[in-house]
Amino acid sequence: MTPIWTAVILGSLLCYAIKLAGHSVPHRFLDQPLVMSVSDYLPIALLSALVAVQTFAVGMHLVVDARLAGLLAAIVALALRAPFLVVVLVAAGTAAAFRALGWAA
Amino acid sequence: MTSSHVPAWEQERRAIVVNAIGVGLATAAYGISFGAFAVSGGLSVLQAQILSVVMFTGGSQFALVGVIAAGGAMSSAVATASLLGLRNAFYGLSMSPVLSVTGARRAVAAQLTIDESTAMAVGRSGPGETVRAERLAFWATGLSVFVLWNLATLAGSLGAGLIGDPRTYGLDAAIGAGLLALVWPRLVDRRSVGVAVVSAAVALALTPVLQPGVPVLLTSVVAVVAGVSAVRDRARRGAS
């Protein structure tokens, strides 16, 4: 089995097991102040870190390119309470336009 | 005239189903990016599809593919995807008393327990709402997103070979924007905004020195620190 297959299968099964655990594990295991509190912040930390890396990283290098223009456009759209679909399309369109016009790589 | 004769539940049921389809269509647009991103990141069409069928939780799927595409270790890819998927366990915790299903239905309900289905169900809870509205919102949204997300993944992964470089269409920027849209509604107070800013800064600072995937994984420490301090603050306020 190739490494990618291992990651795909193992990751998928773990993510399903986690979902099933939420429906099956007795409440007292998860329903504790510290566990609940950390679980509130975990997606914020990981998603924000992913946004930063997806915007600036190429492998182990940091670069500024058209992705930043797309992200800034997404922030404006979110601040204007645009729906999810609009946010994604605005970001893609802005980055594509910057590249087409030669303003950014 | 006629609409006033339609029972209230019929109207509510229609509204719930229409909303569910709308949410499914919005995530489908993002699913196309996922399919294209997965294939351009080195996954096969089948591998991308297995992620959308079995993993079926968008943030984790993008995280796994992102680490692989950047050349990171498979262990980092699996760990980041799993940590991001932990929130689904807490959604399950709040959904299971509402759904009260067992056996095969519980196995299916667990798979459909994601951001969208939980949010739509919670939106139907509270005064004046019935538990059947909550249940319908969960099942309708979960199924709608599952079907449309998977069709979109297939369209994106098959299309990736036809459209050439996905960067031309800004699909790489769409990924960051979609992830940002997931975290945006969670930024409700100073502490959560602080966690977001510090985590982004930590991940960028560590990117040049650690293997791809590890910097994102390490920001879970920021979440633990924030969680502990939030519990302490609450205890202090309770004690005073």
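**View 1. The loop of chain A that holds Val64(A).** In this predicted model, Val64(A) belongs to the loop that joins β2 (61-62) to α4 (66-79) of chain A. Val64(A) is classed as exposed because it has 11 C-beta neighbours inside 10 Å, and the limit for an exposed residue is 12 or fewer. Between the C-alpha atoms of Val64(A) and His27(A) the distance is 46 Å, for a sequence separation of 37 residues.

**View 2. The fold and dimensions of chain A.** Chain A contains five helices and two strands, which follow one another along the sequence in the pattern α-α-α-β-β-α-α. Along the principal axes, the C-alpha atoms of chain A occupy a box of roughly 55 × 40 × 25 Å. The radius of gyration of chain A is 19 Å, whereas a compact globule of 105 residues would have one near 13 Å. Of the 105 residues in chain A, 48% are buried. Among the contacts in chain A with a separation of 6 or more, 41% link residues 24 or more positions apart.

**View 3. Helix α3 of chain A.** Helix α3(A) runs over residues 33-56 and comprises 24 residues. From the first C-alpha to the last, α3(A) reaches 35 Å, close to the 34 Å expected at 1.5 Å a residue. The helix is largely enclosed by the rest of the structure, because 19 of its 24 residues are buried.

**View 4. The contact between chain A and chain B.** Chain B contributes 85 residues to this contact and chain A contributes 67 residues. On the side of chain B that touches chain A, the largest share comes from helix α4 (residues 74-99) of chain B, with 18 residues. This side of chain B consists of 55 nonpolar, 25 polar and five charged residues.

**View 5. The two domains of chain B.** Chain B is assigned domain 1 (2-184) and domain 2 (187-240). The centres of domain 1 and domain 2 of chain B, taken over C-alpha atoms, are 25 Å apart. Where the two domains meet, 12 residues of domain 1 of chain B are in contact with nine residues of domain 2 of chain B. Helix α4(B) supplies five residues to the side of domain 1 that touches domain 2, the largest share. That side of domain 1 of chain B has eight nonpolar, four polar and no charged residues.

**View 6. Helix α9 of chain B and its surroundings.** Helix α9(B) covers residues 190-206, and its end C-alpha atoms lie 24 Å apart, which agrees with the 24 Å that 17 residues should span at 1.5 Å a residue. Its buried residues are Val195(B), Ala196(B), Ser199(B), Ala200(B), Val202(B) and Ala203(B). These residues are on the same side of α9(B), because they cover an arc of only 165° around the axis. The elements that cover the buried residues of α9(B) include α8 (171-183), α10 (214-218) and α11 (220-239) of chain B, together with α3 of chain A.

**View 7. Gly213(B) and the residues it touches.** Gly213(B) is situated in the loop between α9 and α10 of chain B. With 26 C-beta neighbours inside 10 Å, Gly213(B) counts as buried, the threshold being 20 or more. Leaving aside residues up to four places away in sequence, Gly213(B) touches Val67(B), Ala70(B), Gly72(B), Ala73(B), Ser76(B), Ala77(B) and Thr80(B). The C-alpha atom of Gly213(B) is separated by 26 Å from that of Ala29(B), 184 residues apart along the chain.

Terms used:
Residues are numbered from 1 along each chain as its sequence is written. Chains are lettered from A and ligands numbered from 1 in the order in which they are written. This is a predicted model: local features need pLDDT of at least 70, side-chain atom pairs count only at pLDDT 80 or more; totals for chains, interfaces and linings use all residues. Two residues are in contact if their C-beta atoms, placed from the backbone, lie within 7 Å. Helices (H or I, at least four residues) and strands (E, at least two) are DSSP runs, numbered from the N terminus. Ala, Val, Leu, Ile, Met, Phe, Trp, Tyr, Cys and Pro count as nonpolar, Asp, Glu, Lys and Arg as charged, and the others, Gly among them, as polar. The radius of gyration is taken over C-alpha atoms; the globule rule is 2.2 Å times the number of residues to the power 0.38. Domain bounds come from an automatic or database domain assignment. The expected span of a helix is 1.5 Å times one less than its number of residues. The arc is that of the directions from the helix axis to the C-beta atoms.
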